[in-house]
Amino acid sequence: MLCKSDLREAFMPPEEYEGYREEVETAQQELEASIPSFNPLQGHYENVDFGRNYETQSSYPDVPFRDEIKGDFTSTVASSGCGLLITRFIDYFFCIPDGFDVRTFAEKGVELGYRGYKQLPNGKWKKMGLVHAWFDRFVPSYNGLQCRMLHNINGVNKAIFDQNLPVLLVRCSVYNDSPESTESHFVAVVGSDNEEGVYYLYDPKYDKIREVPYYKVNNAVRKGWIFSEA
């Protein structure tokens with residue numbers, strides 16, 4: 001039986017945060033350094049139903065995902081909630097029953113401090129999207145799965161082969177061919193095809209699984225997590 005009453009907040013005590021920050025920085029540096037040695041997984045793997053329609057952000061233009069105390073009166077799941085849709089997809093992928101709906105994820109994200117903002121020198125707040133610790137702290141406590149940070153791009157291959165779920169944070173400048181963009185986007189890797197040279201992705205902007213070339217995803221990746229059953 002899942003227990004969703006002990007959800008972890010984004011806030012960490014200083015001593016815990018320092019260790020977490022160092023772990024994140026190490027994982028990101030090692031992940032970036034591993035990309036030139038990427039070795040595709042041989043064969044063809046599909047770990048979800050490709051004929052199914054999946055949820056998209058655009059279905060939630062009226063669901064708030066914002067902290068109005070910080071002057072944000074416009075953010076919604078449609079504009080800023082790709083990580084929330086990925087979390088719903090994790091429930092589907094691992095057949096987790098009685099999961100939260102997207103509105104509840106949005107509410108919990110704000111309540112527990114995962115809707116990110118940065119205070120500027122003039123006192124105003126800049127919107128920063130979903131705090132990345134959502135996947136390190138909230139998601140494992142919510143759904144009882146194991147989560148580990150991705151240190152090597154070839155760990156995506158192993159996860160696909162083992163029928164686990166890699167979640168990647170990718171730069172829109174590369175992934176979406178938007179060179180001027182400073183934004184990032186969450187996607188989940190649900191398979192691969194070495195002959196075609198592509199990953200199969202669940203991207204919350206689309207209702208069908210996408211085929212995206214290895215090189216485009218690898219060159220865009222900023223950070224990653226591997227989810228598996230406990």
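I count two strands as paired if DSSP finds at least two bridges between them. Strands (E, at least two residues) and helices (H or I, at least four) are DSSP runs, numbered from the N terminus.

I am working on a predicted model, where local features need pLDDT of at least 70, side-chain atom pairs count only at pLDDT 80 or more, and totals for chains, interfaces and linings use all residues. Residues are numbered from 1 along each chain as its sequence is written, and side-chain values use heavy atoms, with hydrogens and water left out.

I looked up the bridge partner of Arg115 and found Leu130, in E3. Strand E2 covers residues 115-119 and strand E3 covers 125-130. The two run antiparallel, with five bridges. Five residues lie between the strands of this hairpin. Among them I noted Gly123, with a positive phi near 90°.

**Salt bridges.** My criterion is a side-chain nitrogen of Lys or Arg within 4 Å of a carboxyl oxygen of Asp or Glu. The structure has 13 of these salt bridges. For burial I use relative accessible area: buried is under 20%, exposed is over 50%, partly exposed is in between (1.4 Å probe, protein chains only).

I checked Glu18 and Arg21 and found a salt bridge at 2.4 Å, N to O. Both sit in helix H1 (residues 14-34), three residues apart, so about one helical turn separates them. Glu18 is partly exposed at 34%. Arg21 is also partly exposed, at 27%.

Next I took Asp67 and Lys70. Their closest N and O atoms are 3.2 Å apart. Asp67 is buried, at 15%, whereas Lys70 is partly exposed, at 26%.

Which residue forms a salt bridge with Arg210? I found Asp203, with the closest N and O atoms 3.7 Å apart. Asp203 is buried, with a relative accessible area of 1%. Arg210 is partly exposed, at 24%.

I also logged a network of salt bridges that links Arg8, Glu16 and Arg137.

**Negative patch.** I then searched the surface for patches (residues with over 30% relative accessible area and no salt bridge; like charges joined within 9 Å, nonpolar side chains within 5 Å). Asp and Glu count as negative, Lys and Arg as positive; His and chain ends are not counted. One patch of negative charge gathers Glu46, Glu195, Glu196 and Glu211. I placed Glu46 in strand E1 (residues 44-46). Glu46 is partly exposed, with a relative accessible area of 42%.

Technical notes. Areas by Shrake-Rupley, 256 points an atom, 1.4 Å probe, with all protein chains shown as cover. Charge placed at Lys NZ, Arg CZ, Asp CG, Glu CD.
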